[in-house]
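Thanks for coming, everyone. I would like to walk through one structure today, beginning with a sheet and the helices on it and then turning to some charged side chains.

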Amino acid sequence: MYQIKTFNKISPVGLSRFDPEHYAVSDSCTGEDAIVVRSAKLLDYAFSPNLLAIARAGAGVNNIPLERCSQSGIAVFNTPGANANAVKELVLCAMLIGSRDVDGAIRWVREQVDSGIDVTTVVEKGKSAFIGPELYKKTLGVIGLGAIGSLVANVALSMGMDVYGYDPFLSVESALRLDRHIHVVKDIRELYKRADYITVHIHFTPQTEKMINADAISSMKRGVRFINLARGEIVDDDAMLSALDTGKVAAYITDFPNNRIVKAPHVIAMPHLGASTPESEQNCAVMAVDELRDYLENGNIRNSVNLPNVTLERSGVMRLCVIHRNIPAMLANITTLLAKDGANVENLSNKSKGDYAYTLVDLNTRVDDSVIEDVRNLPNVVRVRVI
């Protein structure tokens, strides 16, 4: 029976997909075989030697020590796209409240009441301080056209906006989701110079840290409204605050507040509400559990962030799952050892991702434990599992 440890509150709809005959699910178990987590920080968590996989019910994995997991042969999964609709809807909200000063207008109305004024007598005069443009016929720039960005681009187009998108790593799957009227540009500066609104939907990496800096902002239209529901570190706070002071950026709407940025004028900061809907949490939990089950039961890897995605329909009588370093001759070394025992390879799949590779081997006969141990002892093999 697999021991599954949960962190944070995971949707019971997702957890119910674990068959109780084969899985024991608890937030207090030890010796866990797999972990389901949302935002809890596992960076210093002491992993069980049995731990095979971690599933993050969400997209970001900065709370998980990826390199340590890779070195230990622990597959890390996330759930791209499961919360995409929730974030898309919040982007629409952000564009609207960033256009007219809805936040300031609501505060102003409450201030009038608190001061004893009959608010009905001042609204017509006071409302002029909060006017702003409509979205219709304005230009939206979408940086990152993955699961979320493509949804945002399509819905903005349906609202009568002109939409420009930029994504140097645009996948075929994402491209097929985009409406043909969206302008996909190869130079991000073309997007900067055209967009009245810009929304960013990319992962935070060393390469994207402070990507929105003074140089990037200088290429944007004056009065641009910038939306960041991706990660706070993608935006250089110093550059953004300076641009807000000069009016280069008319409004900055972010889902990642800090004490400094919150105090600045023309900033609307929310407490990481992007995926905070019951539907999103359920979708993420279901997807995370399904990924874990497929890996534990079949060895298939889907949506891993540290290992290659490898899926293979089951065949033969024994499946060998091998995580190893991505170096020459590893596949030949593995199959040579199996051939020595007279095992015939029924089917095989091998893929690599960065420094690591993953090999699935279906055999038409069972091999001795000594052969499996020989595979484990091969140089640069990280982990071997038999299903």
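**A sheet, its helices and some charged residues**

Let me begin with a pair of strands: β14 and β15, the latter spanning residues 356-363, pair in the antiparallel sense over 8 bridges, and within this pairing K351 stands opposite Y358 in β15. Please keep in mind throughout that this is a predicted model.

Stepping back from that pair, we find an open sheet of 4 strands, in the order β14-β15-β13-β16, with antiparallel pairing. The edges are taken by β14 (345-353) and β16 (381-386), and because each of these has a single partner strand, one side of each is left without a neighbour in the sheet. If we ignore direction, neighbouring strands of this sheet are turned by 10° against each other on average.

Two helices belong in this picture. Helix α13, residues 330-340, lies across β13 (318-325), β14, β15 and β16, and runs at about 145° to β13. Helix α14, residues 369-376, also packs on the sheet, where it touches β13 and β16, and its direction makes about 155° with that of β16.

How accessible are they, as relative area? E373 is partly exposed at 37%, and R376 is partly exposed at 36%.

The structure holds 13 salt bridges, and I will mention two others. In helix α4 (residues 102-114), D103 and R107 lie 4 residues apart, about one turn of the helix, and their side chains meet in a salt bridge at 2.5 Å, N to O; D103 is partly exposed at 34% relative accessible area, as is R107 at 44%. In helix α12 (residues 278-298), R293 and E297 are likewise 4 residues apart, and their salt bridge has an N to O distance of 3.3 Å, with R293 partly exposed at 26% and E297 at 30%.

Finally, which side chain of opposite charge is nearest to D237, and how far away is it? D237, which lies in helix α10 (residues 237-246), is buried yet has no salt bridge, and that nearest side chain is R260, 5.2 Å away. The cut-off for a salt bridge is a nitrogen within 4 Å of a carboxyl oxygen. Leaving aside residues up to four places away in sequence, D237 touches N258, R260 and I261.

Note on methods
Residues are numbered from 1 along each chain as its sequence is written. This is a predicted model: local features need pLDDT of at least 70, side-chain atom pairs count only at pLDDT 80 or more; totals for chains, interfaces and linings use all residues. Side-chain values use heavy atoms; hydrogens and water are left out. Two strands pair if DSSP finds at least two bridges between them. Axes are lines fitted to C-alpha atoms, for helices over the stretch in contact, and angles run from 0 to 180 degrees between N-to-C directions. Contact means heavy atoms within 4.5 Å. Buried means under 20% relative accessible area, exposed over 50%, partly exposed in between (1.4 Å probe, protein chains only). Lys and Arg count as positive and Asp and Glu as negative; His and the chain ends are not counted.
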